[in-house]
Amino acid sequence: MSERMTRPPSGSTVSAPENSAEEPHLARSLSSRHIQLLAIGGAIGTGLFMGSGKTISAAGPSVIFVYAIIGFMLFFVMRAMGELLLSNLRYKSFTDFSADLLGPWAGFFTGWTYWFCWVVTGIADVVAIAHYVTFWWGNAPLWIPALACILLLLALNLPTVKAFGETEFWFALIKIVAILTLIVVGLVMILTGFTHGDGVTASFGNLWEHGGWFPTGPMGFIAGFQIAVFAFVGIELVGTTAAEAKDPEKNLPRAVNSIPIRILLFYVGALVVLMAVIPWDEFSADESPFVGMFTLAGLGTAAAIVNFVVLTSAASSANSGIYSTSRMVFGLAQDGDAPRPFGRLSARKVPQNALFFSCTFLLAGVVLLYAGQSVSAAFTMVSTISALCFMYVWSIILISYLVYRKRRPQLHAASKFKMPGGVVMSYAVLAFFAFILWTLTTNADTLQALLVTPVWFALLGIIYTVLRRTPVHQARVAAHRNDVARERAALTAGKP
């Protein structure tokens, strides 16, 4: 293990220095305000604005339970991540603790898989942004807004990490204002008995008076999980800010603990209001429910407003992708899992080489804009593969937590931010992920993506097999084995 991952023999929570003499270190410039809005931005995906119509059409009012259950389960993933990150302040992200607890292979697979997730998502966002801009400038060549978006986000991320935090703060704020506005407008319509369409009156009774809570049956309810889980990708984003957060022992717990409130308000609250105003069977799978709500409220510019919100939401996602992938590649380079130049920082403590590397892959989005109509189906599959890879990352976080509880009980005992339910809830959430994987087999498109996903891990396996033979990695593997042996001996000696 490298010096930055070494633990003191006392086994207490590490209050380690943030850097070592040998390694460049990231600057702790993200304030509580930045961390809170980053966490909110990560929890609210573009899918809520554009994809919820499809989810409602598939599951009906039961979609409320779908989002609540997924949010409940992912809360425990975030709590496990929080306890692990705070158990050693040298950890920069979840790739560090996975490598430390599971072995160097886990850091390699997790880091590059997370990079892949966000690069694919970022490419999708660039394509989406180019099309959203045509709402106002229909005659503009698509490559212009796509390239402008990449250059703008690169320019915003290069100066300092604080610039990224400020950009994401305002992007997230736009999403929050849009959702709160929808909830307030919807509640006014419900309380005043607003009537629309064929004499339909806005009422909470619309939630169960159109076929009950589960109008599409058990398989419709299951289909809701299949679609809705993709709306939560990025919820773990706050875990990549650990090395750049001011006062992480205070700000990370606050951000993680606010997740249930966010899920209840922004997902469950918005969906309840939507289906109370407009019965679920009147929603179109191809249109945003937000447009329908604002149009009913007499807001003639509803389409333009929602288009702007979705545009900023996609830009927020791409911004997060550029940030997180550059930090992942930076960490991988420091561990010998990526070329060394990517482990260098600019004078402003920004991993600019890693930043340029990730941005070059986003340029693939510009190429895809001219790849023809067939790209749509292919892109659906690639996006699904990306979401599956996010589930892999969430699972690695839980598995790392289980190993941490077994090998380092003294650190868990000393933790001030213990995961509720601990070991039991870790296994429960892993079982839930297995259920999600099963739901993906019930649809031909997602089943195909599920079968293709192992190709990525096979590719990583081949690369790691070669990489593992280098002296640096042999030393890391040997150090990890020694650490495990030493910890086991200490635990055995400590038993009565």
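Predicted model: local features only at pLDDT ≥ 70, side-chain atom pairs only at ≥ 80, totals over all residues.
Residues are numbered from 1 along each chain as its sequence is written, and side-chain values use heavy atoms, with hydrogens and water left out.

**Overall make-up**
- The protein has 21 helices and two strands, taken as DSSP runs (helices H or I, at least four residues; strands E, at least two) and numbered from the N terminus.
- Of the 496 residues, 57% are buried, meaning under 20% relative accessible area with a 1.4 Å probe, protein chains only.
- Among contacts (heavy atoms within 4.5 Å) with a separation of 6 or more, 82% join residues 24 or more positions apart.

**Helices α4 and α10**
- The axes of α4 (residues 63-87) and α10 (residues 248-257), come within 10 Å and cross at roughly 175°, where axes are lines fitted to C-alpha atoms over the stretch in contact and angles run from 0 to 180 degrees between N-to-C directions.
- This crossing makes α4 roughly antiparallel to α10, a term for angles over 145 degrees.
- On the α4 side the contact is made by Phe75, Met78, Arg79, Leu85 and Leu86, and on the α10 side by Pro248, Glu249, Leu252, Pro253, Val256 and Asn257.

**Ser395**
- Ser395 lies in helix α16 (residues 375-407) and is buried, with a relative accessible area of 16%.
- Leaving aside residues up to four places away in sequence, Ser395 touches Leu430 and Phe433.

How values were computed
Buried < 20%, exposed > 50% of the residue type's maximum accessible area, 1.4 Å probe, protein only. Parallel < 35°, antiparallel > 145°, perpendicular 65-115°, else oblique.
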